[in-house]
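Colleague: Hi, I have the sequence and the structure open. Could you walk me through what stands out?
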There are 2 protein chains.
Amino acid sequence: MSEPSSPRTRVVREPERGVYDRAAAYRILDEGFICHVGFVVDGQPFVIPTGYGRAGDNLYIHGSAASRMLRRIDQGVPVCVTVTLLDGLVLARSIFNHSMNYRSVVVLGTAVAVADPKEKLEALRLLSEHILPGRWAEARQPNEREIKATLVMRLPITEFSAKVRQGPPIDDEEDYGFPTWAGVIPLEMIAAAPINDPRLDPKTRVPGYALSYSRKRAG
Amino acid sequence: MSEPSSPRTRVVREPERGVYDRAAAYRILDEGFICHVGFVVDGQPFVIPTGYGRAGDNLYIHGSAASRMLRRIDQGVPVCVTVTLLDGLVLARSIFNHSMNYRSVVVLGTAVAVADPKEKLEALRLLSEHILPGRWAEARQPNEREIKATLVMRLPITEFSAKVRQGPPIDDEEDYGFPTWAGVIPLEMIAAAPINDPRLDPKTRVPGYALSYSRKRAG
């Protein structure tokens with residue numbers, strides 16, 4: 001565990017759960033694909049879910065979020081991008097020590113819109129491959145009009161922190177004899193069998209990336 | 001579909017996905033139990049995941065989020081609470097029309113810390129029952145010290161909006177002949193078999209709420 005990248009990303013509460021290691025944060029960012037982007041308009045915070053991808057030390061955030069965010073991000077307004085993977089409910093003997101197992105990353109910084117059409121196309125490919133590896137090559141590529149109509153933002157992963165809680169409940173020593181079940185209910189996001197588009201030629205082969213979709217990564 | 005509760009919660013992008021009906025928003029809030037809370041410190045937005053519960057027209061947010069948020073919320077700083085349920089990946093023929101199926105709710109407002117110990121205990125019960133119905137009665141109840149050490153915030157659900165996308169991909173008419181698979185990969189959060197705490201008496205019966213945990217609600 002190394003030092004936090006700034007005092008703003010230091011984990012204040014339950015600091016023992018703070019993880020400041022870049023590789024650990026990237027494993028979390030690579031398993032997730034939905035982030036919650038926070039931005040401020042006239043003093044009011046907004047939090048919008050959207051898809052993202054990571055390439056090297058940059059996050060690419062899809063512009064399907066509110067256009068009120070994008071107008072501002074264009075101007076270089078500060079953002080916070082948070083990715084949360086929920087791993088389980090932790091049932092302790094005492095209500096107070098109930099918890100959740102999770103892995104989360106917070107990235108602070110200034111996101112800028114990717115303006116150059118060539119870089120934007122490459123960013124869209126990165127996003128697509130992050131969310132659904134293998135799909136890009138098999139779909140109809142974006143044309144000039146579509147590239148123009150899509151907003152992608154780049155956020156350098158400079159100021160960040162991760163927070164991780166795993167494992168069984170931790171009860172107060174005097175509670176271990178309390179007569180109730182204790183343990184973890186593991187939670188997992190799973191993909192069910194793909195559903196054909198009603199207008200699909202039913203003879204179309206379902207690709208492997210749709211049949212066995214999973215966010216679990218090796219390592 | 002009724003009118004948005006304020007211009008700030010009007011869905012700007014893809015307005016056809018906006019849902020302003022309170023009952024629809026509450027169904028989403030009741031299926032979820034993790035929210036992302038946005039708040040502002042010195043002009044910088046922060047987004048922190050935490051547990052919540054709904055009781056009537058109030059959200060109760062658990063104070064396990066950063067203490068830097070709680071210090072401010074105590075003072076009545078504006079927050080944004082966003083709940084997102086991810087339902088699937090939507091694979092269109094064109095990259096441009098790829099999408100996700102989801103249901104999300106955004107609540108804007110001023111959250112206040114619940115100060116009265118009796119109201120706080122009741123709020124903790126609501127939170128616990130929202131996340132894990134049935135657990136409260138079977139665990140060791142919070143004592144005075146623990147109630148004091150726990151922070152719960154109340155956010156009235158006044159200014160809110162929901163956004164929903166469901167169903168198959170919508171391609172441009174001229175793309176329907178493009179030779180690739182198209183459809184939906186459904187995604188779902190599921191609970192796996194409960195894991196006993198290593199220090200649990202192995203003869204302890206696993207309760208039903210842990211054996212068959214699910215967020216799906218009737219209706």
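This is a predicted model: local features need pLDDT of at least 70, side-chain atom pairs count only at pLDDT 80 or more; totals for chains, interfaces and linings use all residues.
Colleague: Is A:Arg93 buried or exposed?

Modeller: A:Arg93 is buried, because 25 other C-beta atoms lie within 10 Å. The cut-offs for that word are 20 or more other C-beta atoms within 10 Å of a residue's own for buried, 12 or fewer for exposed, and partly exposed in between, with C-beta atoms placed from the backbone. Residues are numbered from 1 along each chain as its sequence is written, and chains are lettered from A and ligands numbered from 1 in the order in which they are written.

Colleague: Thanks! Where does A:Arg93 lie, and what does A:Arg93 touch?

Modeller: A:Arg93 lies in the loop between S5 and strand S6 (99–110) of chain A. Helices (H or I, at least four residues) and strands (E, at least two) are DSSP runs numbered from the N terminus. Leaving out residues up to four places away in sequence, A:Arg93 touches A:Asp171, A:Asp175, A:Tyr176, A:Phe178, A:Thr180 and A:Ala182, plus B:Ala139 and B:Arg140 from chain B. Contact here is C-beta atoms, placed from the backbone, within 7 Å. A:Asp175 is 82 residues from A:Arg93 in sequence, with 6.3 Å between their C-alpha atoms in space.

Colleague: OK, on to the two chains. How many residues of chain B are in contact with chain A?

Modeller: 78 residues of chain B are in contact with 78 residues of chain A. S10(B) gives the most to the side of chain B that touches chain A, nine residues. By class, that side of chain B has 47 nonpolar, 18 polar and 13 charged residues. For those classes, Ala, Val, Leu, Ile, Met, Phe, Trp, Tyr, Cys and Pro count as nonpolar, Asp, Glu, Lys and Arg as charged, and the others, Gly among them, as polar.

Colleague: What joins strand S10 of chain A to S10(B)?

Modeller: Five bridges join strand S10 (residues 183–191) of chain A to S10(B), and the two run antiparallel. Strands pair if DSSP finds at least two bridges between them. In this pairing A:Glu188 stands opposite B:Ile190.

Colleague: Switching topic: how many residues has the largest nonpolar core?

Modeller: It has 94 residues, and those with the most contacts inside it are A:Ile61, A:Val81, A:Val107, B:Ile61, B:Val81 and B:Val107. Strand S5 (residues 78–91) of chain A provides the largest share, eight residues. A nonpolar core is a set of buried Ala, Val, Leu, Ile, Met, Phe, Trp, Tyr and Cys residues joined through C-beta atoms within 7 Å. A second, separate core of 14 residues includes B:Leu85, B:Leu89, B:Met100 and B:Trp181.

Colleague: Which residues does B:Val81 touch?

Modeller: Not counting residues up to four places away in sequence, B:Val81 touches B:Cys35, B:Val37, B:Leu59, B:Ile61, B:Val107 and B:Leu155. Of these, B:Leu59 has B:Leu155 in S8(B) as its bridge partner. S4(B) and S8(B) pair in the antiparallel sense over five bridges.

Colleague: Which residues of H3(B) are buried?

Modeller: B:Lys120, B:Ala123, B:Leu124, B:Leu126, B:Leu127, B:Ser128 and B:Ile131. What covers them includes S3, strand S4 (58–62), helix H4 (144–149) and strand S8 (152–156) of chain B.

Colleague: Last one: what is the phi of A:Asp42?

Modeller: A:Asp42 has a positive phi of about 55°, although it is not a glycine. A:Asp42 sits in the loop between strand S2 (34–41) and strand S3 (44–55) of chain A, and counts as exposed because it has 6 C-beta neighbours inside 10 Å. B:Asp42 also has a positive phi of about 55°.

Key. Two residues are in contact if their C-beta atoms, placed from the backbone, lie within 7 Å.
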